[in-house]
Amino acid sequence: MTDLALLRDSYGTDLDERELERREWLDSLAYVLYEGGSERVRELLRELIGFAGQHGVRSPVGLNTPYVNTIPPHEQPTYPGNEALEERLEAVMRWNAMAMVVGGNKRSPGIGGHISTYQSIASLFEVGFNHFFRGWTKDFPGDVVYYQGHACPGIYARAYLEGRLSEAHLENFRRELQDEPGLSSYPHPWLMPEFWQYPTVSMGLAPMMAVYQARQIRYMENRGLREPSDQRVWCFTGDGEMDEPESIGGLSLAARDKLDNLTFIVNCNLQRLDGPVRGNQKVVQELEGIFRGAGWNVIKLLWASDWDALFERDEFGMLRKRMDEVVDGWFQKYVTESGSYIRDHFFGAYEELKELVAEMSDEQIKSLSRGGHDRAKIYAAYKAAVEHTGQPTVILAQTVKGYGMGKGGEALNIAHQQKSLTGEQVEAFSKRFGLDLDEQTINELRFLKPGEDTPEMQYLHERRKALGGYQPARIVDFKPLPEVPEELVEEFWGGTAGREASTTMVFVRVLSKLLKDKNLGKYVVPIVPDEARTFGMESLFRDVGIYSAVGQLYEPVDAKSLLYYKEATDGQFIQEGINEAGSMCEFLAAATAYATHGMPLVPFYTYYSMFGFQRVGDFIWAAADSRARGFLLGGTAGRTTLNGEGLQHEDGHSQLWAYAVPNLKSYDPSFAYEVAEIIKSGMREMHVEGRDVIYYLTLGNENYAQPPLPSGEGYPSAEVTRKQIMKGMHLFKLSDKEKAPARVALLGSGAIITQVLAAAEKLEEDYGIAADIYSVSSYQQLYRDGVEAERANYLDPTAEPKKPFVTEMLEKRHENGVVVAASDYLRACPESISRWIPATLIALGTDGFGRSESREALRDFFEVDTRHIVFSALGALYRNGKIQEDVIAKAKKDLAIDPNKKDPLIS
């Protein structure tokens with residue numbers, strides 16, 4: 001051991017033994033670093049850790065590194081751009097983004113908007129726009145960028161300078177229904193289909209979508225659908241948003257698949273909506289641990305260049321130590337305080353730090369900035385991310401929320417909600433960024449746009465030209481797919497000749513045939529969480545293989561069986577594990593590939609119907625906003641079909657929830673020919689006609705004989721019936737009891753169709769009542785058709801009234817009669833079309849929680865079985881004066897109907 005007296009002579013006499021020891025070790029490591037390099041330091045540290053572990057000392061090394069920049073100054077590349085011009089352009093964009101929100105709220109108080117997020121992230125965006133984010137060309141699909149949603153005023157401000165948006169657009173930010181064109185509040189492809197690619201604001205959905213977008217690129221490349229490229233996915237998100245479970249839900253997959261085409265930029269302005277993200281801790285350190293633990297490459301971008309000299313002079317790491325000690329709440333407060341306060345509170349903690357800044361003025365200390373506002377530091381981080389291989393990269397960039405807004409919101413807890421500034425604050429804002437503005441421009445919040453011949457504007461366009469084109473932009477450029485061949489589905493028109501099959505089995509048969517089609521097969525993307533065997537899809541394991549980025553590095557235990565588990569790098573079947581959210585993101589990436597990559601992929605995502613809208617409804621809504629095209633398949637659908645599974649697995653409501661998604665078409669098919677027609681027509685609508693719709697089909701697991709397409713006297717042609725299936729209902733069976741005392745219409749759908757068929761038979765044989773059967777393939781489509789007809793009629797009351805389709809279907813035989821609609825879904829589904837039914841409607845459904853029971857017991861409990869359908873029809877006929885009371889009394893006894901039975905809704 002070195003003599004302590006000698007150490008005190010070197011380091012000072014007022015240091016205790018522990019501090020002297022620490023400095024000696026640091027001196028030694030510094031010597032090795034400068035003489036042997038960083039790799040030699042790592043070797044020694046590994047040896048020291050190993051030695052300590054051998055002697056029972058647990059290693060203190062965890063998932064965190066010191067609270068300093070990952071990239072040291074000597075490793076920074078030279079900045080390639082013209083910083084003066086970029087600074088000027090950024091200042092103009094900052095002003096226009098602010099003026100857009102503040103001016104908009106002056107013109108229309110309460111319209112809202114956000115100023116502070118863009119002010120914190122502007123430099124992070126601009127370095128990307130000027131040097132990294134590549135646009136779409138005929139030879140390259142462009143990088144995919146998920147922009148932090150609350151910062152979109154800044155994206156609009158840039159597009160305005162580029163000439164892609166007008167001044168009227170900016171003036172009508174958040175005013176989309178004006179005579180002049182407006183702009184959506186956040187990124188919404190549905191509202192701005194040529195501008196935004198993906199919705200990204202709130203909910204933490206963008207990070208997970210970005211992960212699966214990066215994976216989708218590798219999937220297409222590994223399957224040979226496109227040539228390998230260096231296309232990248234960039235995702236901007238906030239540190240507060242990372243609290244959403246979905247934000248970190250895909251991190252391990254990104255590392256597992258080695259998605260080095262993916263970069264996250266987390267805007268760590270240390271604030272969320274109401275206050276600090278981690279006031280008592282350090283969110284950057286927390287996120288570093290999460291990402292490192294998941295296997296990501298982590299780059300910390302914390303301190304601007306004006307800190308470099310301080311770190312260089314910090315011989316014994318006291319500045320680094322202080323950085324590690326201070327919690328985020330203090331770092332937020334320092335932004336709002338004076339230089340003297342920072343000197344006393346931050347640097348004043350240690351004598352060495354006081355000396356470190358002794359020659360700096362309070363103004364210089366106050367101006368010490370965060371790394372996320374330093375272009376040179378940002379460029380270095382982005383370049384390192386792009387060049388890193390074998391891992392996805394996250395850049396944790398520390399910024400200041402409301403940067404430059406001063407008392408108008410800089411680092412204040414109110415920053416996120418700030419929508420307006422005083423005249424004095426606006427003037428201070430303009431001066432902060434070196435804008436020499438006249439009084440009228442400041443007072444009227446006029447937008448700024450340099451002349452096209454100025455160096456700034458020439459530079460702006462040159463940089464985007466060099467990167468291939470403008471961003472963001474959504475460009476749809478693909479060739480439509482051919483129609484599904486008639487011969488592929490014609491077997492389903494004839495039924496199964498008495499053989500029993502479920503609609504799930506029928507779907508799998510259709511899917512298998514699509515996969516084998518020479519023109520369509522390669523574009524089909526089957527997606528399942530971890531339930532392929534549940535849905536009878538295990539044959540696809542062998543037929544098309546399960547996608548794996550590394551192939552299959554083992555021999556599966558069932559290798560000798562016919563349906564073995566086959567993973568392959570060119571596998572077509574995507575199985576995401578027990579991960580509905582990830583599967584939905586995979587669906588979203590594939591369903592938008594027609595626009596993002598010019599690749600018309602057709603995803604079929606199959607899942608437990610209970611785990612769809614209820615579980616990943618936000619992602620379904622995002623898919624709709626994204627103009628997705630694909631099929632969602634809710635397997636083991638209905639409240640009473642999944643006997644034994646109970647409340648958690650029995651879906652009686654997804655069909656109703658599907659009403660809420662405007663461009664989603666929802667079907668609950670009963671028969672094989674309906675499944676085939678819906679898929680064939682859906683493929684045509686999405687990928688031949690090019691319409692941005694999603695199809696949702698609920699599929700049952702109950703086996704019964706699949707009938708042929710209805711035909712014969714009294715039935716429309718096959719072509720008309722197939723069109724009616726798509727409109728929502730068709731005549732399945734016309735009763736031949738022409739002289740019956742009464743006639744009813746029974747509406748059935750999905751799993752309950754078997755009960756309806758049996759009820760019709762019982763009504764005719766036991767009670768002499770004629771019963772026509774209609775198969776309702778979609779209450780949602782019937783509802784939308786009815787609403788459309790009503791709307792047309794009240795908008796033009798003098799024109800010939802339009803008649804809802806369901807009215808046309810029932811009025812000929814059942815006007816003023818009785819209609820009983822039985823569904824395995826909530827009564828609200830058939831009730832939604834009640835006002836267009838020209839008869840007394842009795843709606844039966846499965847309102848309430850599920851139960852673990854047999855199908856028979858469940859259908860009795862929810863009152864949707866044959867007995868209750870029959871008794872409901874008889875009861876309505878009695879009230880309409882069509883049958884006598886003695887018939888009701890006999891039926892109540894024969895059918896064992898209990899009037900005092902508990903209501904299943906609240907049981």
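Which residue of β18 is the bridge partner of methionine 729? The points below take up this and other features of the structure.

1. **Basis of the note.** The structure is a predicted model, in which local features need pLDDT of at least 70 and side-chain atom pairs count only at pLDDT 80 or more, while totals for chains, interfaces and linings use all residues. Residues are numbered from 1 along each chain as its sequence is written, and side-chain values use heavy atoms, with hydrogens and water left out.

2. **The strand pair β16 and β18.** The bridge partner of methionine 729 in β18 is valine 776. The two strands, β16 and β18, pair in the antiparallel sense over four bridges; two strands count as paired if DSSP finds at least two bridges between them. Helices (H or I, at least four residues) and strands (E, at least two) are DSSP runs, numbered from the N terminus. Four of the five residues of β16 are buried, where buried means under 20% relative accessible area, exposed over 50%, and partly exposed in between (1.4 Å probe, protein chains only).

3. **Helix α33.** This helix covers residues 805–814, and its buried residues are Phe805, Val806, Thr807, Met809, Leu810 and His814. They pack against several elements, among them β16 (729–733), β18 (770–776) and α32 (779–795); contact means heavy atoms within 4.5 Å. After α33 comes asparagine 816, which has a positive phi near 65°.

4. Strands of a sheet pair through backbone hydrogen bonds, either parallel or antiparallel. An open sheet of six strands shows parallel pairing in the order β10-β7-β11-β12-β14-β13. Its edge strands, β10 (574–575) and β13 (664–667), each pair on one side only. Within the sheet, β12 (residues 630–635) and β14 (residues 694–698) pair in the parallel sense over five bridges. Leucine 632 has tyrosine 696 of β14 as its bridge partner.

5. **The nonpolar cores.** A nonpolar core is a set of buried Ala, Val, Leu, Ile, Met, Phe, Trp, Tyr and Cys residues joined through side-chain atoms within 4.5 Å. The largest has 170 residues, and Phe347 and Phe604 touch the most other members. Helix α8 (residues 205–222) supplies the largest share of this core, 11 residues. Beyond its neighbours within four places in sequence, phenylalanine 604 is in contact with residues including Phe507, Leu511, Phe631 and Met683. A second, separate core of 74 residues includes Ile71, Ala122, Phe236 and Ala397.

6. Rolling a probe the size of a water molecule over the atoms shows where empty space is left. On a 1 Å grid over the protein atoms alone, a cavity is a set of points where a 1.4 Å probe fits but cannot get out, and a pocket is an open set with protein on both sides within 12 Å along at least five of seven lines; lining residues have an atom within 4 Å of a point. Grid points are joined across faces, edges and corners, and a volume is the space filled by probe spheres set on the points. The largest pocket holds about 2800 Å³. It is lined by 48 residues, of which Leu26, Leu29, Leu33, Pro66 and Arg320 are the closest to its centre. Helix α2 gives the most to this lining, with 10 residues. The lining divides into 22 nonpolar, 10 polar and 16 charged residues, where Ala, Val, Leu, Ile, Met, Phe, Trp, Tyr, Cys and Pro count as nonpolar, Asp, Glu, Lys and Arg as charged, and the others, Gly among them, as polar.

7. **The second largest pocket.** Its volume is about 680 Å³. Of the 31 lining residues, Tyr334, Val335, Thr336, Lys366 and Glu410 lie nearest its centre. Helix α19 contributes the largest share of the lining, five residues.

8. **Cavities.** There are seven cavities of 30 Å³ or more. The largest cavity has about 90 Å³ of space. Its lining consists of 14 residues, including Trp136 and Pro141, and divides into six nonpolar, five polar and three charged.

9. **Two buried helix residues.** Serine 116 lies in helix α5 (residues 116–131) and counts as buried because its relative accessibility is 0%. Glutamate 456, in helix α21 (residues 455–466), counts as buried because its relative accessibility is 14%. Leaving aside residues up to four places away in sequence, glutamate 456 touches Leu85, Arg88 and Leu89.
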